[in-house]
Amino acid sequence: MNRRCPVRALSRALSRALTTTTATASQAPTPSTFPLKNVTGSNFEPALESLREHVRAADYVAVDLEMTGVTSAPWRESFEFDRYDVRYLKVKDSAEKFAVVQFGVCPFRWDPQELCFVAHPHNFYIFPRQELSFDDPAAYEFLCQTASVDFLAKYQFDFNMCIREGISYLSREQENELLRHLEESSCSQNKHKEFRDVPLISIADVLFSERIKNRMKEWHDELLHDRNCEQFNESSNDSKQQLQTIFYRTRPALALSGFTAHQLRLIQQVTRNHFEDIVYVCVNVQNTCVQPLLVYTDCNTDKDLLMKEVEDENRRGEELKIHSAVGFRHVIDLLSSEQKLIVGHNCFLDVAHIYRKFFGQLPFTAEEFVSSANKHLPYIIDTKVLLNSSDILKYWMRRSKTSLSSSFARLCPQIALGYTSTDLASKACVKVEVQVDDVRASSWNAGAKHEAGYDAFMTGCVFAQACSHLGIKFHPHSSEILAHDEILEKYVNRLFLSWNNQNIIDLSTGSVTGNSVGSTYFNNRYSKISFENIILIWGFPPKLRAREIKECISKVFGPTSVTSVYSLDKTTVFVQFKEAGLVSDFLGLKETLERNDDPISILNPLWKLLDGGNTCAADYETYKEICSSPVSKVYFSDQAWAVGIKWKTKLLKSDVPGEEGIQKQGDANLSPDNAGDSVLGKTNMKGKKSASDDIDRRSFSCGEILDSLCAHEAERVRTY
C-alpha cells in the first residue's frame, strides 16, 4: 500500500501537468504566415484605393525598397575618405543606374481602444516597363549588380512576377515632358499639313487604288440615294480586308481593317483626290489602338468641324494613355500630398531612388537635392540615426548592431517571434497588430526578411518601440503631432548621407555634420580628415601596397609627413599628408622626376611609385570631378581615362601673388619644362631650414630634396 502511494502521486502529477499543457496549448494562438498584401499590375487599382484610406488615417508610414544594385563600380563604394559632396555623387550615381523592383509601404495607425498600432503592410512589385511607344526608351534601361541580384534570389525574390506583372510608372518630369511634347506635336501638325501623293509604280498599286475608288464610289452613291447603312465586305482574295459601314459622331463612315500601312496611304490618296465630301481620319479606340475611318461630311464647314473633333479626341486619348502610364507613382503622390511622417531605415539611398524614379532628374549637388526633396517629402525619420543618436535608445540596444533585423529582434522580440504576450515582462513592448484587407491578426510566423513589405513593417515596429522608450505618447490621428513632437523633432529629416553611416545631412536645412545628433557615436580613425591635405594617386604598379607607398613618400618628405594611405583599388590610393603644403610639394616633385627621367631621378625613393610611366596624381577636387561622371569603369584608372583625364600630374594653383596657377593636361600651351620650373620656383621661395627641421616640419624645396638625396647616394656608394 505504502509502496503504491508514490506511484499514484506521480500519476496524478503527470495527469495535471498534461491537462495544464493541453489547456495552455488550446488557448495559445496558432501562428500563421505573416499577413502581407502583395500588389502587382493585376490588383493595383483596388489596392491603391484601400491604401489611400489607410495612409490618410495613419500616424506614420514606413517604407523600404529593394534594388537591382548599389554600386556600379568597386571604387564607387562609400569610403571613409569621401567628403559629403562626393558621398552624394555616389548615391546619385546609384539611384540613376539601378532599378527599384520592390517597394514596401506600411501605414501604422494607433488604435486607442486596443492600445496598439495597426499595421497595413503592402508589398508592391514594380518594373520600369515602357508603356508608351513615344517615350524615350533610354529612360527604361538599368544595371544589375550580380551580388545584389544573387542576394535577392537567396531570399526567394520572385523575378518572374516582377518582370511579368510588375507595376510600371512615370516620373512627374517624364509625364510633364510627354504632355509638352504632345502639345507641340499637335500644334505642329495643325500648322504643317502637307500631303504628298504616293507614286503608283507597281501594277498592284494601280489596281488596288482603282478597286478602292470603285468601292468608295458605290458606298458614296448608296448614301446619296438612300441612307441605309449596311456592311459590305471587300471582295478580294484576302477575306480579312474589309470595309464596314458604321456611324462616327452621327456621320456615316467606313471602318477600315486588315490593310497594310502602304495600302492605307493609297486609300488616303484616293480619298483626297477623288472625293471632296469624304475625309480620311484616324481615331483612338478604347485608348489602345488607332482605327482608320472614311467619314462622309455634308459640307466644308462640317469637314472642318470633323477634323477638330478628331484632333481633340485623339489628344484626349493620348493624354489618357500618359496618365494611365503614371502607374505606381500614384502611391508616391499619395505619400507626398498627405505629408505623412515617412519612416525608413538608413534610407538616404531610398529617398534618392524615390526622387529619381518618381519626381525627376537628381540635382547635381547635395544642397540642391535637399531643397527639392524636402518640398515633396517634408517629414522623414531615419531609424538608424535615431538608434545611434539617442543615449536612451543606445542603452536599450545594449551595443547591439543597428541593422534593421538586429534592431527589430532587440527592440521588438515578441513581434519578431510573431505573438503578443500579456506578461508583465512584456509591458514595455508596444503592441502591434497586422491587418490585410478585412482580416486582422495578432500572431503570425516571421515574415521573409529583405522582402520590401516585411522590411517596411519591421522598420515601423522599430520606430514605434523607439518612440515608446523616448517617452512619446501616442494619440489617434497623431501624424502631425509626431512630426512636431519636441522629443522627436530634432531627429526629423536627419539622414545618414551614405550606406556606411558617416555624415548626417539635414533635409530641412541642407547642413551636414560628421557626428550623429547629440552623441559622440562616430569615433573612427578617419574622423580628423583634412581634404586639402589629400592627394589621389592612380595607375602605379599593382604590386605596390599601401604600406610601401607610405614608405616611399616618407623617405622623401619625412617619417611623419604622411598621416594615412587608403586604397580605393589595386592601383589607386588616397594619401593624406600631415600638412596641406606637402600636397603641392609632392605634385611638383613628381612632375620634375618624370620630366627629367635621368639616372639621378631614378635613385629617388619616389621612383618606385612612378615605375611604369603610368602613375597619375591630383588633388581631391579631381576625385570629385571623376565621381561626377556617369561613366563607371571597373578600375579607377580606366575611369579617369574615360572621363578624359589624360595628364599625369595636375599641379595646384600657385599661392604666390601675381603668379598664375599651372595645370598640365592634354595639349596645354604651357610646356612641361615651364610647369616644373614654376613649381620648383614656388617651393624654393620658402625659407630654408636645417635638415633636422625638415624631417618634422617640411621646409626643404624639391630641388634641395634632390640634392640631398644625390649626395646621400654618392656617400653610400663610396662606402662599398
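Buried means under 20% relative accessible area. That cut-off applies to the views below, which show a predicted model.

**View A. Strand S4 is covered on both faces.** Strand S4 spans residues 116-119. On one side, Cys116 and Val118 are buried.

View B. Strand S3 covers residues 100-111. S3 and S4 run antiparallel and pair over 4 bridges. Across this pairing, Trp110 stands opposite Phe117 of S4. The hairpin has 4 residues between its two strands. Leu115 sits in the turn, with a positive phi of about 50 degrees.

**View C. Strand S4 also pairs with strand S12.** S12 is made of residues 432-436. Here the pairing is parallel, over 3 bridges. Phe117 is opposite Val432 of S12.

View D. Helix H9 runs over residues 300-324 and holds Asp302. The relative accessible area of Asp302 is 15%, so this residue counts as buried. Its side chain makes a polar contact with the side chain of Arg251, at 2.8 Å. Neighbours within four places in sequence aside, Asp302 is in contact with Arg251 and Thr297.

**View E. Glu210 in helix H7, shown with Val270.** Glu210 belongs to helix H7, residues 203-225. Glu210 has a relative accessible area of 38% and is therefore partly exposed. Glu210 and Val270 are 60 residues apart in sequence. In space, their C-alpha atoms are 8.4 Å apart.

**View F. A nonpolar patch on the surface includes Trp396.** The patch is formed by Ile392, Tyr395 and Trp396. Together these residues have about 310 Å² of accessible area. Trp396 is part of helix H14, residues 391-397. With a relative accessible area of 33%, Trp396 is partly exposed.

Technical notes:
Residues numbered from 1 in each chain as written. Predicted model: local features only at pLDDT ≥ 70, side-chain atom pairs only at ≥ 80, totals over all residues. Heavy atoms only, no water. Patch = residues over 30% accessible without salt bridge, like charges linked within 9 Å, V, L, I, M, F, W, Y side chains within 5 Å. Areas by Shrake-Rupley, 256 points an atom, 1.4 Å probe, with all protein chains shown as cover. Salt bridge = Lys/Arg side-chain N within 4 Å of Asp/Glu carboxyl O. Buried < 20%, exposed > 50% of the residue type's maximum accessible area, 1.4 Å probe, protein only. Pairing = 2+ DSSP bridges. Polar contact = N/O pair within 3.5 Å; in protein donor to acceptor, adjacent residues only side chain to side chain. Contact = heavy atoms within 4.5 Å.
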